[in-house]
Amino acid sequence: MEEINGCIETIRTGDVKARREAVSTVAAFGDEAVDPLVGALIIAEDNDVRWYLTRAIAMIGVPAIDSLIYLITVPEDPDTARYAAAALGEMGEPALEPLIELLDDEDAQVRGYAALALGRMGEPAIKRLVKLIEESEGLRKRCAKMALYRMGGEGTEALALSMMNE
């Protein structure tokens, strides 16, 4: 735990090279580093620090998904929720279904964060979002369309094709 905390302190105060090394080092701890990293993300006030913490959490992957979903669904700070969404988007396919489920949340802000993360995810989410558009109605369908639109490129193309098929 001492080494994890040392890496987090380097992320907070180090230069760019030291921060990058600390991100790789702390991510290698895996599951053990999730709670300290998430705690540091919650209290971080500097966007650069948040970005590096987010990178480390995203590199850990699956063990961090539940904690990040929590940060999105119980946002005390919109910046923290936005960075949590970014980390989930970086994880790709492992975070896909938990994010799809959030498109049904009654809180518009939560749906927005989920759509943001899905849009950031890019290609791994395209087929699933198109399927969601085909199978859904109302709000869920609009959220899926928004995520594809925000992706740009292939996402926008997939959105256009799905709309032509409606």
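Guide: A salt bridge is a side-chain nitrogen of Lys or Arg within 4 Å of a carboxyl oxygen of Asp or Glu. With that in hand, a search of this predicted model as a whole finds seven salt bridges. The part to look at closely is helix α6, which covers residues 78-91.

Let us begin with Asp79, which lies in helix α6. The side chains of Arg82 and Asp79 meet in a salt bridge, with 2.3 Å from N to O. Because these residues are three apart in helix α6, about one helical turn separates Arg82 from Asp79. Asp79 is also joined by a salt bridge to Arg50, where the closest N and O atoms are 3.4 Å apart. This second pair links distant parts of the chain, since Arg50 sits in helix α4 (residues 47-60) while Asp79 is in helix α6, 29 residues apart. Taken together, Arg50, Asp79 and Arg82 are linked in a network of salt bridges.

Asp77 is partly exposed, with a relative accessible area of 24%. From Asp77 to Leu88, eleven residues along the chain, the C-alpha atoms are separated by 17 Å.

Helix α6 also has a partner in helix α8 (residues 108-121), against which it packs at an angle of about 35 degrees, with the two axes 7 Å apart. The crossing of α6 and α8 is right-handed. On the α6 side, the residues that take part include Ala81, Arg82, Ala85 and Leu88, and on the α8 side they include Tyr113, Leu116 and Arg120. Sorted by class, this contact has nine nonpolar, two polar and three charged residues.

Finally, helix α8 holds Arg111, which is buried yet has no salt bridge, the nearest side chain of opposite charge being Asp105, 5.8 Å away.

Definitions and conventions. Residues numbered from 1 in each chain as written. Predicted model: local features only at pLDDT ≥ 70, side-chain atom pairs only at ≥ 80, totals over all residues. Heavy atoms only, no water. Axes fitted to C-alpha atoms, helices over the stretch in contact; angles between N-to-C directions. Helix = DSSP H or I, 4+ residues; strand = E, 2+ residues; numbered from the N terminus. Left-handed = near helix turned anticlockwise from the far one by under 90°. Contact = heavy atoms within 4.5 Å. Nonpolar A, V, L, I, M, F, W, Y, C, P; charged D, E, K, R; others polar. Buried < 20%, exposed > 50% of the residue type's maximum accessible area, 1.4 Å probe, protein only. Lys, Arg positive; Asp, Glu negative; His and termini not counted.
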